[in-house]
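Here is a short report for a reader meeting this structure for the first time. Please look over the sequence and the model before reading on.

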There are 2 protein chains.
Amino acid sequence: MAIGVKALPFTFVAHGLGLAGAVMVLVWCIYYLGGLAFESTNKNLIFNIHPVLMLIGLVIIGGQAIMSYKSLTLRKEVKKLIHLVLHAIAIILGIIGIYAVFKNHNESGIANLYSLHSWIGITLISLYGIQWIYGFVVFFFPGGSATVRSESLPWHVLFGLFVYVLVVGNAALGFLEKLTFLENSGLAKFSSEAILVNFTAIVAILYGVFVFLTAISQSSQPEDDFSYSSI
Amino acid sequence: MAIGVKALPFTFVAHGLGLAGAVMVLVWCIYYLGGLAFESTNKNLIFNIHPVLMLIGLVIIGGQAIMSYKSLTLRKEVKKLIHLVLHAIAIILGIIGIYAVFKNHNESGIANLYSLHSWIGITLISLYGIQWIYGFVVFFFPGGSATVRSESLPWHVLFGLFVYVLVVGNAALGFLEKLTFLENSGLAKFSSEAILVNFTAIVAILYGVFVFLTAISQSSQPEDDFSYSSI
């Protein structure tokens, strides 16, 4: 479903937004929320690992994995390897990030899996994992037949983008949920921290938009276009 | 960007989900939250108009407007009229729904426009309105030249779907925000009301997914496919 514009300029905007988002979530969690720790008597520091790893992992590195096919000018096999390694890093960081929030809940006596954000999140990390395994088996090793590969590729792209859009949306849900907790505990609604969190979410959404635009635009290597964007 | 499957079966699923979502948001706002009113000493009843009109208006009727091009087998002019009238109804209900939440805030002494949901919402109702006006002027009356129409149609579809995806995502943000307020005020995290609200959001997201799938699938009238789905 390639639109008639080049992908490369979109990737530049996405890289800038991704860098900004990573810095913003680190400033929030380290400067405003007190830092990150896996073991601490201050259980909030365990929670703080969650937004950092989910945004940098699933959203930013996951987005880089998607864009790498369109932005890099390398042999297809090399791009495929980069694509699956980046997605693997995204999933591993995502799993550690989800583990951190369970650890925080369990050590603080907070119920698990009651919120919309958590329900969607558990669903998405599962779908992301299934998509990765399918991609690995069919497109990498041992690899499906040429027919299976060419017929399932458009659905791999469509399903992958579908999961990614929901990942970005669920990140926005997470930022809003945590900020609402903080505001209910006394944080001023127009404080610098509240504004920072809202803008971090907006930067994440814009990053997702530019990843999506990259994915539906034309590769720098025209011969790749059919194989990648035939949805 | 039509995928190689028929749109019609997707629209049936979407209609079922849309009906379910409308019933669920009405049950929540009338049975659990006490009903709807524009004038009341109980200011919560003014707020309750907001989720009902946003979900039924922008999400459900807006989705029907998008799908009408693919699901109906009528003359193109008739479908165009249905498309723009449904979107106009969606926008009008959306504006009344946003007015209700400002009225609730003003009469209850709550700050306006501090949350991520409100920022994204104000942006989206503006973009939705701009998109409608552009569509009306270029495709309906007085109508652009054939070149302008054919060149801008793919962007109209892409931008429209982009706004619609964000509308559905922002509805999820709204459900999560309101439920978090209620839970902070004592509502049990696994109460029937909390489960209902989360599932209403999930039904809304699934409705959006099926609207999107309808939009990128093949019309029942093959001759329309190029004109509608050439992104």
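## The annotated domain

This is a predicted model. An unreviewed UniProt entry places the feature "domain: Cytochrome b561" at residues 13-216 of chain A. That span is 82% helix and 0% strand. Its end C-alpha atoms lie 15 Å apart.

## Helices α3 and α4

In chain A, helix α3 covers residues 49-71 and helix α4 covers residues 76-108. Their axes come within 8 Å and cross at roughly 165°. Angles over 145 degrees count as roughly antiparallel, so α3(A) and α4(A) are roughly antiparallel to each other. The crossing of α3(A) and α4(A) is left-handed.

Which residue classes make up this contact? Between α3(A) and α4(A) there are 18 nonpolar, nine polar and three charged residues.

## Helices α6 and α7

Helix α6 of chain A takes in residues 146-184, and helix α7 of chain A takes in residues 192-215. The axes of α6 and α7 in chain A cross at roughly 175° and come within 10 Å. α6(A) and α7(A) are therefore roughly antiparallel to each other. The contact of α6(A) with α7(A) has 17 nonpolar, three polar and two charged residues.

## Cysteines

How many disulfides does a search of the whole structure find? Zero, over all chains.

Is Cys29(A) buried or exposed? Cys29(A) is buried, because its relative accessible area is 0% and buried means under 20%. Cys29(B) also counts as buried, at 0% relative accessibility.

Note on methods: Residues numbered from 1 in each chain as written. Chains lettered and ligands numbered in written order. Predicted model: local features only at pLDDT ≥ 70, side-chain atom pairs only at ≥ 80, totals over all residues. Heavy atoms only, no water. Axes fitted to C-alpha atoms, helices over the stretch in contact; angles between N-to-C directions. Helix = DSSP H or I, 4+ residues; strand = E, 2+ residues; numbered from the N terminus. Parallel < 35°, antiparallel > 145°, perpendicular 65-115°, else oblique. Nonpolar A, V, L, I, M, F, W, Y, C, P; charged D, E, K, R; others polar. UniProt positions renumbered as here; feature names shortened; annotations may be inferred. Left-handed = near helix turned anticlockwise from the far one by under 90°. Disulfide = S-S within 2.5 Å. Buried < 20%, exposed > 50% of the residue type's maximum accessible area, 1.4 Å probe, protein only.
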